[in-house]
Amino acid sequence: MGRIHTLPVSVVNRIAAGEVVERPASVVKELLENALDAGSTRIDLALEQGGIALVRVVDDGGGIEPEDLPLAVSPHATSKLRVAEDLEHIGTLGFRGEALASVGEVARLVIRSRTPAAVAGASIEVDNGRSGEITPEGCAVGTTVEVHQLFGKVPARRAFLRAPTTEWSHASEAFVRTALANPGVAMSLVHNGRRIHDLPATTSWRERIGGVFGAAVAEKLIEVEADDGEIAIHGLVGRPDDDMASGRLQHLFVAGRPFRDRSVLHAVQEAYRGLLLSGRQPIVFLRLDLPPEMVDVNVHPSKLEVRFREPSRIYRLVLSSLRAKFLACDMKARLESPAARDWAPPATAGDRRGGESRYPAWFGQPAVREAAESTGWRQERGGSSAEVPVPAWEQATAPAASGAPTAEEMAVQMHNRYLVVESPEGIEVIDQHALHERVLYEGLKAAVANGALEVQPLLIPERIELSPTELEVVNEHADKLAAAGMRVEPFGGATVIVTSKPVLAGSTPAAALVREVLDRLASNPGGDGCMLVDEVLHGLACKAAIKAGDPLSQDEVDALVRDRRRVQDAHHCPHGRPTSLTLSRQELDRQFRRT
Ligand code: ADP
Ligand code: MG
């Protein structure tokens, strides 16, 4: 007897379920897609325990005829295509006809449905592969699908599910992506009985983005449009200074579907090159509209990846449309123009930028520098030296080293972003942001470790409107925020107030600090307590640090270079980027053929 045999349907289904149903988020995605394909105008999603205990989707779409119910839950049964050619121009989100069958194999699935023409509806239940009878039911027009206890009877799969909070973050992400792709459909999300999102139908993509991530984020987005006759791009993208620690706010859509694509994201990053610090991520919402034959969505079981017929054309269009917009907004000027004069202090007679030399006369010569000070370029810029404001970080760190700077602390700022210093080895070029971030991070970390973090209560607490997801993060991690000096309290709805921040954070607005930190926490759902506090400190340091492009007074430059001595690993910023580069004297001598 041969050893090859055809697998029973239930085994085939379980194998398919492994592909389609990975976790509650995949169930959410499939059920929402079915509701959209049914032409719903309103979709309500409810989850219990991150979706592990229950996923329920209620829609007001076209419904399922009672006699079709058994087909809806059997594999490769679909109403969405008939012949292979239909695959060439898919207009629906689903078409494989395997989602409900797969889910029914690994959970208890209940479907109640009624078509608009019918006077009553019907229901069917599939309990871990065992299908029940069609039962008449009086229900509203539309369909309700419930998935109870996912993998409840498949321990091997259940073991791979993470804690409910982690599953929740994936499941809510799936909801968010669908909601962003379909602003015209009213959608709501309830978790463990709590209403998280309630999004009215809208024709404005910006409004939907605001509904999901908060109006504060949406208002500032820049609109990008491009159309080459076939491919249209519609984007809402962030300003470079609203950069993020993670790519959490990067969403791509094609033909109404969220998708992931390295190449498109790379084009976006290229467009931001020079405008963002390395490691920082822009906010991007991008929608591509192109003829169906130019994109294949049938390359991935959960259809998250798509294949474009002309990927390089899309790459170029994305890159050029964003670039053109940025140039029009004149954003490049801030970081790239060598003469970012607007950002520099006003030129004066003793201007260190002026004169024949591009370098100040006293560069590298302590004696001359004293003279330069007494001839008073500083006075010209800011009154008497006594009135020169003390830099924010100087107020906070241990007593400032006093007295004239030593030769190796002689530093000068260049291009509003680098500090050039003479060092025993040669010439050192310091990245002002990276160094300051390091200084702040080390300062915060030491203070937290010693229980000596100086916290500044805010005279006027700052109110911040958060997105529902951010609010969840605040609720979950308020203790870590507090440990880092950020006291955040609920203020009704999605609003919180910040009542304190660490003194080290200087004058950076509390809202900016909180958003940065929440972004990091949200993209890091699995970390332990200590790690998360550290993440908060990184976030604070990054946001509070001076930026590339910020002009500094000489006092600030000196203070920063002095502080460098106090931090343990001054040569790397917390992201692991170098804070300074050295051009050795040896190398200089060699280049000038002195040796
Ligand atoms: P697919 O979406 O790939 O067709 P599914 O297993 O997800 O496969 O669904 C099977 C069929 O059940 C669909 O083709 C559709 O006819 C029907 N169906 C599923 N969900 C709904 C819904 N919410 N409203 C109306 N019909 C639905
Ligand atoms: Mg489907």
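Predicted model: local features only at pLDDT ≥ 70, side-chain atom pairs only at ≥ 80, totals over all residues.
**Entry 1: aromatic pairs**

I searched the whole structure for aromatic pairs and got five.

I looked at Trp205 and Phe253 to begin with. Their rings make an edge-to-face pair, with 5.8 Å from centre to centre and 80° between the planes. I then checked where the two residues sit: Trp205 belongs to helix α7 (residues 205-213) and Phe253 to strand β12 (residues 250-254), so this pair ties together parts that lie 48 residues apart in sequence. Buried or exposed, I wondered, for Trp205 and Phe253? Both of them come out buried.

Phe259 is in strand β13 (residues 257-259) and Phe308 in strand β16 (residues 307-308), so here the pair ties together parts 49 residues apart in sequence. I looked up burial here too, and Phe259 and Phe308 are both buried.

**Entry 2: around Trp205**

I went back to Trp205 to see what else is there. Trp205 is part of one aromatic cluster with Phe213, Phe253 and Phe285. Which residue lies over the face of Trp205? I found Arg287 there, 4.8 Å from the ring centre.

**Entry 3: α6 against α7**

Helix α6 (residues 164-181) packs with α7 at about 160°, and the axes are 9 Å apart. Anything over 145 degrees counts as roughly antiparallel, and therefore that is what I wrote down for α6 and α7. I noted the hand of the α6 and α7 crossing as well: right-handed.

Which residues meet between the two helices? On the α6 side I listed Val176, Ala179 and Leu180, and on the α7 side Trp205, Arg208, Ile209, Val212 and Phe213.

**Entry 4: Thr495**

Last stop was Thr495, which I located in strand β22 (residues 495-502). Its relative accessibility is 15%, so I put Thr495 down as buried; the cut-off for that is under 20%. What does Thr495 touch, leaving aside neighbours within four places in sequence? I got Arg463, Ile464, Glu465 and Pro490 as its contacts.

Definitions and conventions: Residues numbered from 1 in each chain as written. Chains lettered and ligands numbered in written order. Heavy atoms only, no water. Helix = DSSP H or I, 4+ residues; strand = E, 2+ residues; numbered from the N terminus. Buried < 20%, exposed > 50% of the residue type's maximum accessible area, 1.4 Å probe, protein only. Contact = heavy atoms within 4.5 Å. Phe/Tyr/Trp six-rings, centres within 6.5 Å; stacked < 30°, edge-to-face > 60°. Lys NZ or Arg CZ within 6 Å of the ring centre and 35° of its normal. Axes fitted to C-alpha atoms, helices over the stretch in contact; angles between N-to-C directions. Parallel < 35°, antiparallel > 145°, perpendicular 65-115°, else oblique. Left-handed = near helix turned anticlockwise from the far one by under 90°.
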